[in-house]
Amino acid sequence: MSEPAMQLIDVHKSIGKKEIIKGLSFTINKGEVFGFIGPNGAGKTTTIRMMVGLMNITEGDIRILGNSIKTEHKAAIREVGAIVENPEMYPFMSGWQNLLHYARMIPGISKERIHEVVRLVGLEKPIKERAGKYSLGMRQRLGIAQALLHKPSVLILDEPTNGLDPAGIREIRKYIRSLAESEGVAVIISSHLLAEIEQMCDRIGIIKNGELITTQHLHETTEEQQLHQIQMEVDPLEKALDLLTTHHEIEGKIVGDLITFQGDKRNMPLYIQTLVENQISVYQVGVSKATLEDKFFDLIGENIIE
């Protein structure tokens with residue numbers, strides 16, 4: 001098995017006496033799009049700042065292509081590109097001039113490489129226009145191009161679709177997937193837009209109160225992927241919920257006039273049979289695939305506005 005692009009090993013971060021990050025351990029593979037999500041204050045930004053070397057690690061380590069960010073800082077950071085929210089550009093300079101200016105700061109970036117990243121993010125036509133005239137989506141793409149100039153192995157994007165309209169979000173999603181697949185770059189995305197994370201990412205990590213709750217593959221057909229969101233209109237509600245909980249080990253709840261729970265759609269005949277055999281009237285059943293948002297709130301708690 002090849003070496004992971006990034007590895008977090010029992011990472012802790014304390015500020016004063018308060019422990020903010022409490023032993024994070026996970027790996028991110030080459031060519032993978034990894035979504036890093038959690039409620040506000042969970043520790044996402046602190047973790048990202050440690051990943052890019054802007055904040056010291058209290059305990060543990062982060063390795064990038066095997067290089068420790070603590071003891072081999074220069075070699076490790078050389079493999080990282082990052083943009084945080086809206087990338088800042090010189091508005092009076094063209095997109096090309098902005099990239100050229102940035103390239104001069106890093107040894108070994110040729111004009112051929114600049115042309116290559118411009119093609120990669122689809123900015124060939126507007127690259128000679130002033131960056132001040134760019135739409136937000138074009139600025140995001142220029143920011144990604146800038147972050148890719150030195151051929152990093154890991155690209156970290158904090159809220160890459162922030163402020164974009166649906167067309168811009170779709171554009172950025174397309175380029176992020178293309179980067180991972182064609183360049184083999186490991187892309188780490190932190191975002192509040194769970195529907196976008198679900199479409200863009202191969203795998204997610206959910207953080208809460210500085211601890212990793214879970215990492216999950218999003219598109220593999222595992223037993224968990226068979227789960228669906230099920231809503232049943234039945235009477236009486238309380239008795240029906242008690243029967244389903246007892247006989248089928250589901251965790252359901254009553255929402256208005258419905259019972260709602262996650263279950264395997266293939267068990268639906270059994271759910272209905274249990275209710276009918278116990279004199280429960282079943283009026284309507286609705287089944288939809290459980291979304292990342294459903295899973296997120298199940299794990300984090302439904303009182304969190306994210």
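The model you're looking at is a predicted one. Its protein has 306 residues, and 47% of them are buried. Here's a quick tour, from the overall build to a handful of charged residues.

**The overall build**

**Arg203 and its partners**
- You'll find Arg203 in strand β9, which covers residues 203-208.
- Who does Arg203 meet in a salt bridge? The partner is the side chain of Glu32, at 2.6 Å from N to O.
- Glu32 sits in the loop between β2 (18-28) and β3 (33-37), while Arg203 is in strand β9, so the pair ties together parts that are 171 residues apart in sequence.
- Is Glu32 buried or exposed? Glu32 counts as buried, because its relative accessibility is 7% and the cut-off for buried is under 20%.
- The Arg203 side chain also reaches the backbone oxygen of Thr27, at 2.5 Å.

- Arg173 and Glu196 join their side chains in a salt bridge at 3.0 Å, N to O.
- Arg173 belongs to helix α6 (residues 166-183) and Glu196 to helix α7 (residues 194-200), so this pair links parts 23 residues apart in sequence.
- Arg173 is buried at 18% relative accessibility, and Glu196 is buried too, with a relative accessible area of 10%.
- Asp202 and Arg177 form a salt bridge through their side chains, at 3.2 Å from N to O.
- Asp202 lies in the loop between α7 and β9, and Arg177 in helix α6, so the two tie together parts that are 25 residues apart in sequence.
- Asp202 is partly exposed, with a relative accessible area of 23%, whereas Arg177 counts as buried at 18% relative accessibility.

**A salt-bridge network**
- Which residues are linked in a network of salt bridges? They are Arg113, Glu116 and Glu183.

- Asp10, Glu19, Glu59 and Glu211 form a negative surface patch.
- Asp10, one of these patch residues, is in strand β1 (residues 6-15).
- Asp10 counts as partly exposed, because its relative accessibility is 39%.

Key: Residues are numbered from 1 along each chain as its sequence is written. This is a predicted model: local features need pLDDT of at least 70, side-chain atom pairs count only at pLDDT 80 or more; totals for chains, interfaces and linings use all residues. Side-chain values use heavy atoms; hydrogens and water are left out. Patches are made of residues with over 30% relative accessible area and no salt bridge: like charges are joined within 9 Å, nonpolar side chains (Val, Leu, Ile, Met, Phe, Trp, Tyr) within 5 Å. Accessible areas come from the Shrake-Rupley method with a 1.4 Å probe; for residues, only the protein chains shown count as cover. A salt bridge is a side-chain nitrogen of Lys or Arg within 4 Å of a carboxyl oxygen of Asp or Glu. Lys and Arg count as positive and Asp and Glu as negative; His and the chain ends are not counted. The place of a charge is taken as NZ of Lys, CZ of Arg, CG of Asp or CD of Glu. Helices (H or I, at least four residues) and strands (E, at least two) are DSSP runs, numbered from the N terminus. Buried means under 20% relative accessible area, exposed over 50%, partly exposed in between (1.4 Å probe, protein chains only). A polar contact is a pair of N or O atoms within 3.5 Å; within protein, one must be able to donate a hydrogen and the other to accept it, and residues adjacent in sequence count only if both atoms are side-chain atoms.
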